[in-house]
Amino acid sequence: MLEMIKEKNVWDVLKDDGKPVILYGMGLGAEKIMDTLALYGVTVDGIFASDEFVRGHSFRGFKVMKYSEVREKHSDFNVVLCFATHLDGVMDNIVKINEEHKVFAPDVPVAGGGLFSREFIEENEESFDEVYNRLADEESKRVYLDIINFKVSGKIEYLLRSFCNKSEVYSDILKLTESETIVDLGAYDGDTIGEFLEATGGNYSYITALEPDEKNFGKLLKNTQELDNITCLNMGAWDKKDTLIFAKKAGRNSKLSAEGTSVEVIDIDSLDTRASFIKMDIEGSELKALCGLERTIKKYSPKLYICAYHRNEELFALPLKVWEYDSDYRIYFRHSKYIPAWESNFYCVK
């Protein structure tokens, strides 16, 4: 695998390049990236935001500038993107900036520790190689390599050429039918349920939706109140029945925390549902949930839609766990429209 990864670690490139480093965006993402840059001895020279967010304020001691102000101050510089987006207008602006000054989007894990680097790949090369070689089609292999190269280099070009059409995933890979028994893990406000129903013409057999965050759960109930044959559970998915602590006010990204709100979690095997399609977007708990799905997978062979962008190891650990349960699964890898590499997913079918 390592010989197919041509890129250097983004942190080393930014350190060695010598150009001023200007951050684009604020918030938690910027804080993580600033802290990591400091560990590599990289000095941040400024911060800018989209024009509509610039109001003369500061962030971590830097006055937040407009992009035009940065260009007046520096003739040449590297841009480090510090937020995530799938919005067309925002992405168009990022592409435009990248044509003028190189944009890097360093990969920092949503959950767990460590950085995705050439050294991380080398440490796990055997597992990466096995997954790459066993992926179901050449497009999966191409996108898999592009996402890995992106995670190492931070170069957005790898993402821009990897976007898939989600509706084609539903129709051509998952082949959703009008009689699916759906289990939605991390249902949020019902947004992906809407995607499933659009793909099936609004038809299905039954839906079981789990969402651990109380506020999100309220939205889920409201948005699905007109649907028949659906059960919504204010619970998280895990490898066993338990009570865990989730962060308060996590929004869409409800996740485990040292302090917050206690939430019930459950292994899906205990629900004993005749699942034909299971989606997992559970903020880094996907492997735990898979460990609670062994009986369901072996008994019903459901189609699986598994998000693989929260933890560094998910790019190999998740498919290897599925194959451990049933080696006959065909596993595809696709990346939906997003910068950075969020919405990189495995799609598994018998």
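**Strands and rings**

A: In strand 8, Ala 209 is the bridge partner of Asp 184. Heads-up: this is a predicted model, where local features need pLDDT of at least 70, side-chain atom pairs count only at pLDDT 80 or more, and totals for chains, interfaces and linings use all residues. Residues are numbered from 1 along each chain as its sequence is written, and side-chain values use heavy atoms, leaving out hydrogens and water.

Q: How many bridges join strand 7 to strand 8?
A: Five, and the two strands run parallel. Strands pair if DSSP finds at least two bridges between them; strands (E, at least two residues) and helices (H or I, at least four) are DSSP runs, numbered from the N terminus.

Q: And which residue of strand 9 is the bridge partner of Ala 209?
A: Cys 232. Strand 8 and strand 9 (residues 230-233) pair in the parallel sense over four bridges.

Q: Is strand 8 enclosed or open?
A: Largely enclosed by the rest of the structure, because four of its five residues are buried. Buried means under 20% relative accessible area, with exposed over 50% and partly exposed in between (1.4 Å probe, protein chains only).

Q: New topic: how many aromatic pairs?
A: There are 17. Rings of Phe, Tyr and Trp (its six-membered ring) pair if their centres lie within 6.5 Å; planes under 30 degrees apart are stacked, over 60 edge-to-face, the rest tilted. Phe 196 and Phe 277 make an edge-to-face pair, 5.0 Å centre to centre with 80° between the planes.

Q: Where do those two sit in the chain?
A: Phe 196 is in helix 10 and Phe 277 in strand 13, 81 residues apart. Phe 196 is buried at 0%, and Phe 277 is buried at 0% too.
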